Amino acid sequence: MSTDDQRSELQNGDANPEPDSDLNTPEHTTIQSTDNVEDNSSPIQSNDNDKSPQVVDPEPATQVSDTQNPIESKDNEQLQKDEGNRTFTMRELLNELKNGDGDQESQVSAGTDAVTPRRSQETTQHTEKNSAAMELINSITGSDEEGRSRQRILTFAAKRYASAIERNPDDYDALYNWALVLQESADNVNSDTSSPSKDALLEEACKKYDEATRLNPTLHDAYYNWAIAISDRAKMRGRTKEAEELWKQATNNYEKAVQLNWNSPQALNNWGLALQELSAIVPAREKQIIVKSAISKFRAAIQLQFDFHRAIYNLGTVLYGLAEDTSRTGGTMGGHDVSPNELYSQSAIYIAAAHALKPNYSVYTSALKLVRSMLPLPYLKVGYLTAPPVGQPIAPHCDWKHTQFVLNHEGLQQIHNGEQRHMVSGSNGRPAIKIDIPNIVSVSACQDLSLPPGPAICIDTIHGPTYLIAESWEYLDTWLDAIRLVYTIFARDVR
């Protein structure tokens, strides 16, 4: 997000999250809304790039101790090699070095290969590369005592991994950890985000990730952090052609990280953010395709972790941007009959859900104030579904009726014509389908030949399943998400 954009009403990320927060929000946020390149007037902007896989990681031991630290492995998997080395998370590395366990720098692996002319040449090349990188690291001075102390630790670690690579240029673990140190050092550069030394350090980190993944193409951590480094370089270049190419590289690396480790909502979320940033640079004819891809990544992240509030919020912001674009052009989403008003309403649902999950986050509170009027209050969602007669979940197709449904914090209820919103539970109106949130077991899309044609929802409850048909696949996704989010918030409250 451009720091000089004074028109923005909704900011990205809280620079000062609560102390026990699992949200790692950098001070400088850059991911913008999905408006056109020259139009920065949209009041909605997405949350900043999740710079470490631990944002909502259930394994706190892998988190970096500094809340501003963007780099770390996204799970506890230890990548083993024949030499017995392994990758470190930055927290492990820093803690080890703080505790004085640094004598390993002087240790030489017992399995070091015999020196050959080729090995000697490779070692010389790596020595030259490492010398250039060390010069960059040595030029960094922290802005305060804590920063200087941290940089001394990073400098020590840099020497350690540089030495390991000189001994064995094929040590992909050392290359990966060397890249982490370079990337962390770049984050320790003084506040000027356009600093040449910061960009140079990130470039060196990218080179190390490239080498590590060529030696071991299964290092999903390396692809993930490599993508973050590329993204940081792209942010320094604004909305230029060079930035566009870097964002494309970042999305490619996030894709590889997800292919190698599909169960990572953080990687999917970051992938969506990179696509969202790319959509603000590419020509208008390419934008909607990229935006829809970003939506699918945020939605996939939420499906992996229903209470992943950052992905929920980001999905709300990208939908808001799409609604703005659709409203300006007078079209519909991808040719489907999804109006701007419906997109605004969908956006409000996700932002409201993110706020419900993290009510103390000022960015979510501000966003909710902006979109509150777009919610069909007192309900969270109002729309049409095709439903069977009450008590007959599998009825002849001709008996299914297209009727209105409303969703709030208590449940999903059918509204017949004439009753509308005045209908209350226990009234003398016509029999209606009502699903209480506490009774829900699961919610999923389904396909069954016994159901009428169309995208079907199966809401399984303690009383049995209820089947409903959405108006389109786009509407199906919004109903699924809305019901799951309401249930997630309910489940959190009863814990």
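## Helix packing and cores: worked exercises

α9 passes α10 in a left-handed crossing. The model is predicted.

**Exercise 1.** Work out how the directions of α9 and α10 are related.

*Solution.* 
- Step 1. Take the geometry: α9 (residues 284-304) and α10 (residues 309-329) pack at an angle of about 155°, with axes 9 Å apart.
- Step 2. Apply the cut-off: angles over 145 degrees count as roughly antiparallel.
- Step 3. Conclude: α9 is therefore roughly antiparallel to α10.

**Exercise 2.** List the residues that join α9 to α10, then sort them by type.

*Solution.* 
- Step 1. From α9, take K287, Q288, V291, I295, F298, R299, A301 and I302.
- Step 2. From α10, take A311, I312, N314, L315, V318, L319, L322 and D325.
- Step 3. Sort the residues of this contact: eleven nonpolar, two polar and three charged.

**Exercise 3.** Describe the nonpolar cores and the surroundings of W178.

*Solution.* 
- Step 1. The largest core has 113 residues. W178, L412 and I459 have the most contacts inside it.
- Step 2. Set aside neighbours within four places in sequence. W178 then contacts residues including N130, M134, Y161 and K208.
- Step 3. A second, separate core has eight residues, among them A395, W400, C458 and I469.

Key:
Residues are numbered from 1 along each chain as its sequence is written. This is a predicted model: local features need pLDDT of at least 70, side-chain atom pairs count only at pLDDT 80 or more; totals for chains, interfaces and linings use all residues. Side-chain values use heavy atoms; hydrogens and water are left out. Axes are lines fitted to C-alpha atoms, for helices over the stretch in contact, and angles run from 0 to 180 degrees between N-to-C directions. Helices (H or I, at least four residues) and strands (E, at least two) are DSSP runs, numbered from the N terminus. Angles under 35 degrees count as roughly parallel, over 145 as roughly antiparallel, 65 to 115 as roughly perpendicular and the rest as oblique. A crossing is left-handed if the near helix is turned anticlockwise from the far one by less than a right angle, and right-handed if clockwise. Contact means heavy atoms within 4.5 Å. Ala, Val, Leu, Ile, Met, Phe, Trp, Tyr, Cys and Pro count as nonpolar, Asp, Glu, Lys and Arg as charged, and the others, Gly among them, as polar. A nonpolar core is a set of buried Ala, Val, Leu, Ile, Met, Phe, Trp, Tyr and Cys residues joined through side-chain atoms within 4.5 Å. Buried means under 20% relative accessible area, exposed over 50%, partly exposed in between (1.4 Å probe, protein chains only).
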